Amino acid sequence: MNILSLFVLIPVLMLLGLWIARNLGQVRGVMVAGSSALLALSIWLTIYFIQQRAAGNTDVMLLTASTPWFKPLNIAYSVGVDGISVVMLLLSSIIVFTGTFASWQLKPLTKEYFLWFTLLSTGVYGFFICTDLFTMFMFYEVALIPMYLLIGVWGSGAKEYAAMKLTLMLMGGSALLILGILGIYFFSGATTMNVNEIAAMHNIPVDMQKVFFPFIFIGFGVLGALFPFHTWSPDGHASAPTAVSMLHAGVLMKLGGYGCFRVAMYLLPEAAQELSWIFLILTTISVVYGALSACVQTDLKYINAYSSVSHCGLVLFALLMMTKTACTGAILQMLSHGLMTALFFALIGMIYGRTHTRDVRRLGGLMKIMPFLAVGYVLAGLANLGLPFFSGFVAEMTIFVGSFENADMFHRVCTIIACTSVVITAVYILRLVGKILYGEVADPHYLQLTDATWDERLAVGCLIFCVAGLGTFPFWASNVINDAVIPILNNINM
């Protein structure tokens with residue numbers, strides 16, 4: 001068995017363990033054991049990948065394997081990883097591990113909650129290891145479906161509305177995706193659905209590429225919060241339970257950017273070059289609109305949700321610039337934003353669990369009451385606004401430098417407009433930190449509240465360590481990503 005299949009097998013075993021678990025202790029034991037094993041596996045995979053590159057192994061994909069599944073349509077269970085897949089698997093395992101501890105006190109229906117949470121993570125892992133278009137799409141759907149119940153049952157606020165809106169919009173994107181995937185398969189004349197083999201053939205007619213590129217890019221872009229298809233995201237984030245928000249914003253939205261790059265731009269390169277200006281305008285709007293919308297929100301989750309629209313828009317923006325530096329920055333931004341937004345949502349959930357409000361106007365003086373959570377929130381805010389030595393600075397600077405490498409006026413004007421989001425982000429983050437953490441305690445009842453418990457400190461501490469670690473030592477990640485970006489860009493620019 002290929003070792004990559006463990007990323008699917010371990011969650012499946014976790015599902016079985018959760019099904020037969022008889023009490024809360026057993027449920028927690030299964031989640032800790034499984035998420036720890038996945039984290040250890042992803043760390044091993046990252047180290048192995050770096051060692052293989054250092055040893056001179058120049059294969060685009062490592063640990064590849066393929067098993068025929070449905071021969072009439074040449075569908076196979078094909079797996080393999082490059083640098084992009086490796087860092088996305090590492091990100092996913094970190095979020096699942098910390099999300100487990102962020103949900104430690106969740107009640108009721110804890111067992112059922114973790115069953116759906118694990119099924120969602122199964123889809124995410126499967127999507128990142130697969131290289132067959134059909135199996136990628138299958139795991140993509142597996143990742144989306146549990147969101148409806150996770151939000152609709154365990155969410156808060158207008159949870160039924162948010163769950164239905166999210167499901168309908170993402171299923172609409174999936175409908176576009178299946179049309180695009182079938183178009184790629186039949187018009188390529190391929191005898192396989194393997195992404196790399198179809199890309200190597202490079203024989204899809206340009207006219208057909210122009211037809212199917214919008215289907216694929218918008219289909220994945222809906223999940224990546226592409227304007228104007230982003231409206232499901234703030235409602236979904238605001239209503240989701242803490243760990244689901246962490247996994248949703250931290251990992252699930254990254255499937256959108258990954259798919260746009262790996263499938264739409266890689267397999268339809270001529271259409272990507274000719275139509276990129278349309279989507280570049282939309283992503284520029286996403287970047288600035290998301291930041292401006294965050295400024296006027298009063299709900300902590302909505303602030304972070306609109307911030308995610310801005311930062312995920314920046315991922316698609318950088319990919320469409322189609323320079324090596326910008327695309328490397330896009331993947332770094334996916335990794336950075338995943339860690340930062342998971343940290344934010346974890347802290348917001350912990351604060352809400354104590355104060356029972358997310359309304360900024362009703363919060364204040366929390367630094368005196370819960371210093372650990374308050375300091376964590378300050379660090380998350382500094383990372384979000386791009387302070388040096390945090391992951392946000394590395395990712396955003398790489399994106400803007402790479403974007404400005406395009407010499408034409410259109411790309412540079414878009415870059416300048418997108419850069420304004422940095423200033424806007426600093427405004428709402430600093431105002432928010434000052435309002436809810438400092439000054440007088442907003443409610444005397446808050447004085448009776450306690451600081452973070454051991455499980456919350458573990459989750460927050462791990463995420464802070466990762467955000468600061470990536471910002472201080474970013475070169476291992478950028479080197480790993482570079483090796484994967486170059487072949488895709490060579491296919492686009494050939």
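This is a predicted model: local features need pLDDT of at least 70, side-chain atom pairs count only at pLDDT 80 or more; totals for chains, interfaces and linings use all residues.

Reader: How many helices and strands does the protein have?

Author: The secondary structure consists of 21 helices and two strands.

Reader: What is the radius of gyration, and what would a compact globule have?

Author: The protein has 21 Å. A compact globule of 494 residues would have a radius of gyration near 23 Å, so the value agrees with that expectation. Along the principal axes, the C-alpha atoms fill a box of roughly 70 × 60 × 45 Å.

Reader: And what share of the residues counts as buried?

Author: Of the 494 residues, 61% are buried. The accessible surface is about 17,500 Å², and 69% of that surface belongs to carbon and sulfur atoms.

Reader: Turning to charge, how far apart are the mean positions of the positive and negative charges?

Author: They are 9 Å apart, with 22 positive and 22 negative charges in the protein.

Reader: Now for Leu373: where does it lie?

Author: Leu373 lies in helix H17, which covers residues 371-384.

Reader: Is Leu373 buried or exposed, and why?

Author: Leu373 is buried, because its relative accessible area is 0%, and the cut-off for buried is under 20%.

Reader: Which residues does Leu373 touch, leaving aside those up to four places away in sequence?

Author: Leu373 touches Leu347, Met350, Arg354, Asp451 and Ala452.

Reader: What separates the C-alpha atoms of Leu373 and Leu437?

Author: Their separation is 9.8 Å, although the two residues are 64 residues apart along the chain.

How values were computed:
Residues are numbered from 1 along each chain as its sequence is written. Side-chain values use heavy atoms; hydrogens and water are left out. Helices (H or I, at least four residues) and strands (E, at least two) are DSSP runs, numbered from the N terminus. The radius of gyration is taken over C-alpha atoms; the globule rule is 2.2 Å times the number of residues to the power 0.38. Buried means under 20% relative accessible area, exposed over 50%, partly exposed in between (1.4 Å probe, protein chains only). Accessible areas come from the Shrake-Rupley method with a 1.4 Å probe; for residues, only the protein chains shown count as cover. Lys and Arg count as positive and Asp and Glu as negative; His and the chain ends are not counted. The place of a charge is taken as NZ of Lys, CZ of Arg, CG of Asp or CD of Glu. Contact means heavy atoms within 4.5 Å.
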